[in-house]
Amino acid sequence: MYRSKFVSFFFFRTALARFRQAQLEEGKVKERRPFLASECNELPKAEKWRRQIIGEISKKVAQIQNAGLGEFRIRDLNDEINKLLREKGHWEVRIRELGGPDYARIGPKMLDHEGKEVPGNRGYKYFGAAKDLPGVRELFEKEPLPPPRKTRAELMKSIDAEYYGYRDEDDGILEPLEQEHEKKVIAEAVEKWKMEREARLARGDEEEEEEENIYAVNEDESDEEGGKEKDGEEGQQKFIAHVPVPTQQEIEEALVRRKKMELLQKYASETLMAQSEEAKRLLGL
């Protein structure tokens with residue numbers, strides 16, 4: 001009997017204590033995190049809000065790992081995580097301004113390492129299942145590396161006589177084709193020349209004349225031009241000179257005169273040279 005009364009009294013006191021605690025908390029207003037980190041001027045509170053943000057980020061990172069949430073929910077969670085990360089950075093800057101530690105330098109990077117940035121888009125990260133969303137997976141696929149460029153030495157290894165076309169005729173196919181094309185081109189050129197010649201004759205502009213052989217040489221031309229024939233031994237070919245060719249005697253005289261002039265220039269004085277020239281002029285030499 002006494003035991004039942006004691007239990008009833010204990011539960012009554014517990015309920016009364018909870019009721020009293022609820023009455024005390026009715027007048028309190030739950031403190032909310034400032035919208036701007038610059039509005040906080042107390043270091044302990046700034047660190048408190050930073051810890052609160054880290055807790056929220058941890059919860060959302062754990063939720064976004066579930067790929068069954070759906071594409072839209074995953075995208076919303078990923079946007080919220082990136083927003084909280086930026087807010088955490090603002091509070092870390094404010095803590096440093098208030099004289100606290102530099103968490104950006106010494107703080108843990110576990111939350112940052114969970115995300116993955118798109119190359120060329122610094123700042124926004126994708127977490128958990130967001131990395132496998134349509135349109136996001138392709139952003140992380142690496143482009144295949146271009147083939148390595150060959151060095152000059154490697155390119156020269158494959159260059160041989162065939163590269164320069166020296167072996168084009170070895171197969172026996174190209175040469176007959178070239179000969180056939182050459183005959184065709186020559187025939188076309190001859191036909192064109194004949195047609196033009198007949199057209200000129202028909203107009204009466206020119207009279208048909210026998211073509212002159214520009215390589216033929218007449219025997220009388222050598223005498224008229226002052227040339228001389230060089231007769232060799234019997235049975236040898238005769239050559240005709242179309243310019244005056246000096247004789248051996250004329251060549252020897254020219255060499256002697258040249259040698260005299262060299263000696264005079266080397267040993268004779270200028271006065272002696274002048275006198276010699278004057279004497280030659282007077283004698284008419």
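1. Basis. Residues are numbered from 1 along each chain as its sequence is written, and side-chain values use heavy atoms, with hydrogens and water left out. As this is a predicted model, local features need pLDDT of at least 70 and side-chain atom pairs count only at pLDDT 80 or more, whereas totals for chains, interfaces and linings use all residues.

2. Salt bridges. The structure holds 10 salt bridges (a side-chain nitrogen of Lys or Arg within 4 Å of a carboxyl oxygen of Asp or Glu). One of them joins E80 and K60 at 2.8 Å, N to O. This pair links distant parts of the chain, with E80 in helix α3 and K60 in helix α2 (residues 43-64), 20 residues apart. Helices are DSSP runs of H or I, at least four residues, numbered from the N terminus.

3. Pairs within helix α3. R75 and E71 form a salt bridge at 3.1 Å, N to O; E92 and K88 form one with the closest N and O atoms 3.1 Å apart. R75 and E71 are separated by about one helical turn because they lie 4 residues apart in helix α3. E92 counts as buried at 7% relative accessibility, and K88 counts as buried at 10% (buried: under 20% relative accessible area; exposed: over 50%; partly exposed: in between; 1.4 Å probe, protein chains only). R75, at 29%, counts as partly exposed.

4. N82. This residue of helix α3 is buried, with a relative accessible area of 2%. The N82 side chain reaches the backbone oxygen of N78 at 2.7 Å.

Technical notes. A polar contact is a pair of N or O atoms within 3.5 Å; within protein, one must be able to donate a hydrogen and the other to accept it, and residues adjacent in sequence count only if both atoms are side-chain atoms.
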